[in-house]
Amino acid sequence: MRIAIVDGYTDEPAGLGVPPYLGIYPRYAYGAIKKANKSAEVFYLTIDDLRATFEGENGIATRNKTPNFPETKKILETADVIVYIGGLHTPGKYLSAVPSQVDEVAKFLKPFKGVKILGGPAFMGSAHAGGTKVTSRELLLAQTVFDHIVYGDLEAFLFDYLQDPKDADPFRFRDYAELRDYAIIGAEVVRQFPDFPDFVIVEIETQRGCPKAMGIGGCSFCTEPVRYRTVEDRPVEDVVAEVKALYDLGVRHFRVGRQSCIFSYMARPNGRVPVPNPEAIEKLFAGIRSVAPHVKTLHVDNANPAVIANYPEESIRIAKALIKYGTPGNVVAFGLESADPKVAKLNNLNATAEETYEAVKILNEVGGRRGYNGMPWLLPGINIVFGLPGETKKSYELTFQFLKRLLDEGLMVRRINIRQVVVFPGTPLWHLRGKVKTEKHKRLIQHYKYKIRHEIDLPMLKRVVPVGTILRDVRAEVFDNGLTYGRQIGSYPLIVGMPKKMPLNRFYNVMIVDHGYRSITGIPVPVNVNTESPKVLQYLPGIGKKTAVKILSKRPFRSREEFFETIGNEKREILEEAITL
Ligand code: SF4
């Protein structure tokens with residue numbers, strides 16, 4: 001039996017599977033297939049393999065010119081089963097890999113004879129931009145191309161299907177006991193990931209469902225409680241066993257990000273705000289580190305700020321555990337969505353502006369210190385959603401003023417993510433869809449986005465990574481228009497533009513020399529002052545055009561002393577580590 005898994009990439013409120021992330025779905029699918037049929041040949045292809053293979057043939061420009069899997073066409077021709085995984089619920093900006101949608105993949109897969117199965121969040125549709133309403137169009141199209149659409153858990157369906165197709169129920173969910181083997185066996189698929197082993201980060205699941213939604217219902221727009229109506233915490237031993245399997249294969253970057261709130265892992269239900277369980281989280285991360293001692297990245301993702309603000313003692317213990325066992329540059333994304341209490345009430349949002357402020361303060365106190373990779377250890381991120389029902393002009397101003405307060409009080413926020421709300425069928429927002437404000441407030445939204453980018457993001461970035469900071473292990477990923485773009489591997493890494501052509505897929509240490517609204521400019525260090533181009537030299541802090549000319553006229557320098565005497569010894573402190581001869 002030959003089976004092809006096509007990863008169209010996934011992005012959901014509580015889970016990411018867009019490269020360099022390898023998400024949970026392909027891994028679990030692979031594991032379920034192998035558990036059901038040990039001798040099955042399973043091929044992992046990405047949507048970029050298909051784009052390069054088929055669009056390339058037609059002479060259409062592709063994002064990646066060469067398929068990572070040159071045998072793509074042959075694999076699809078001979079596959080008995082083709083499993084497509086996709087679904088984009090929280091669209092973002094992607095640096096090099098762009099998620100697919102059903103229209104695109106349908107075009108590629110239609111000619112092949114194998115049984116076609118669609119899994120992942122794609123059955124609810126995909127939103128390629130904020131401010132849209134997801135209709136049933138994608139699902140209708142999917143029904144014409146795929147033999148089976150899986151609404152429950154893909155891995156459960158695949159396991160049953162391979163035992164006996166008649167018994168496979170596309171609505172079946174598995175529990176964590178069933179998942180255990182799939183996750184461990186499925187780790188092996190990482191070997192087929194295009195950038196394995198150096199440039200892959202795996203998303204790890206600890207919980208499904210939303211504890212806050214269990215207490216008082218979900219946020220109006222969110223798909224997580226629609227898919228998972230109860231909350232299930234994954235046992236520590238199972239998470240650790242999966243991490244061990246991945247680590248033993250060579251994976252060194254992990255994000256424990258597949259959960260709605262890491263601070264609510266194994267928490268006690270308690271209405272709106274569950275009571276956190278620091279012992280369980282310490283046990284979880286200590287366990288991970290015991291089997292993966294030399295991880296390069298161990299990050300997390302979402303947290304509910306209401307939990308942190310209402311249980312500060314427990315939350316400080318949790319934050320300290322994330323720092324003790326994790327790695328710097330870690331980010332906890334807080335879903336504030338709106339600082340307007342009226343909007344919060346109408347949309348059943350999870351935290352108030354005051355609670356979010358308290359949570360930001362707590363994380364800054366515990367995690368604001370700079371770590372060995374150049375980034376602060378653990379910072380909050382803030383998620384904002386524009387266009388929610390109930391919004392007025394005042395709502396945008398309240399949200400802006402909330403962010404301004406954080407800035408004015410010297411606090412750090414790693415990232416402010418502003419999305420326009422997407423309406424998904426099945427969510428409470430679907431019933432309020434006539435009141436969504438993305439169209440009506442189009443100009444207001446644009447205005448406040450611009451204002452936040454300029455007046456908050458820019459000074460905030462300057463605070464988080466001041467000029468002269470050296471970020472370690474920045475992977476060069478894309479070259480475009482004279483700039484090489486790179487980022488560290490982790491949760492919400494900063495995108496660094498380097499003003500020269502650098503060999504891609506290598507790690508560099510980069511000195512930050514300038515700031516944009518959402519990205520930064522950096523130059524790879526150390527810079528050889530005897531050979532570097534004047535264009536790059538003048539980016540160094542304290543070296544403008546004039547000093548660059550002076551450097552050129554005095555080259556070659558025979559000692560560092562000679563160099564610093566030429567440019568001024570007062571610059572030595574900031575440039576000491578940045579130059580070489
Ligand atoms: S807190 Fe709200 S946005 Fe977050 S997972 Fe729960 S329902 Fe979704």
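**Entry 1: a residue in β17**

I began with Asp473, which is found in strand β17 (residues 470–480); helices (H or I, at least four residues) and strands (E, at least two) are DSSP runs, numbered from the N terminus. Asp473 has a positive phi of about 55° although it is not a glycine. I then looked up its accessibility: Asp473 is partly exposed, with a relative accessible area of 44%. Here buried means under 20% relative accessible area, exposed over 50%, and partly exposed in between, with a 1.4 Å probe and protein chains only.

I noted a positive phi at Tyr492 as well, near 50° and again in a residue other than glycine. Tyr492 lies in the loop between β18 (483–487) and β19 (496–498).

**Entry 2: the model itself**

I recorded that this is a predicted model, in which local features need pLDDT of at least 70 and side-chain atom pairs count only at pLDDT 80 or more, while totals for chains, interfaces and linings use all residues. Residues are numbered from 1 along each chain as its sequence is written, and side-chain values use heavy atoms, with hydrogens and water left out.

The mean pLDDT of the protein is 93, and 96% of its residues reach 70 or more; pLDDT is the predictor's confidence in each residue, from 0 to 100. Over residues 59–63 I found pLDDT under 50, and the model has nine contacts beyond four places in sequence for them. Contact means heavy atoms within 4.5 Å. Where pLDDT is low, the predicted coordinates should not be read in detail.

**Entry 3: domains**

I looked up the domain assignment, which gives domain 1 (2–177), domain 2 (200–464) and domain 3 (470–580); such bounds come from an automatic or database domain assignment. The C-alpha centres of domain 1 and domain 2 lie 27 Å apart. Between these two, 36 residues of domain 1 are in contact with 38 residues of domain 2.

**Entry 4: two enclosed helices**

Helix α6 (residues 154–163) has nine of its 10 residues buried, so it is largely enclosed by the rest of the structure. I listed the partners of these buried residues: β1 (2–12), α1 (24–36), β5 (81–88), β6 (115–119), β7 (148–149) and α7 (176–186). In helix α4 (residues 102–109), six of the eight residues are buried, so α4 too is largely enclosed by the rest of the structure. The buried residues of α4 include Glu104 and Phe108.

**Entry 5: the ligand and the cysteines**

Around the ligand I found Cys210, Lys212, Gly218, Cys219, Cys222, Pro225, Ser260 and Asn350; a residue is near a molecule if one of its heavy atoms lies within 4 Å of it. This shell divides into four nonpolar, three polar and one charged. Ala, Val, Leu, Ile, Met, Phe, Trp, Tyr, Cys and Pro count as nonpolar, Asp, Glu, Lys and Arg as charged, and the others, Gly among them, as polar.

Cys219 counts as buried at 11% relative accessibility. I counted zero disulfides, a disulfide being a pair of cysteine sulfur atoms within 2.5 Å. Cys261 is in no disulfide, and the nearest cysteine sulfur, that of Cys210, is 8.2 Å away. Cys261 is also buried, at 2% relative accessibility.

**Entry 6: cis peptide bonds**

I noted that the peptide bond from Pro19 to Pro20 is cis, with omega near 15°. Pro20 lies in the loop between β2 (15–17) and β3 (21–22). The bond from Phe196 to Pro197 is cis, with omega near 5°, and Pro197 lies in the loop between α7 and β8 (201–205).
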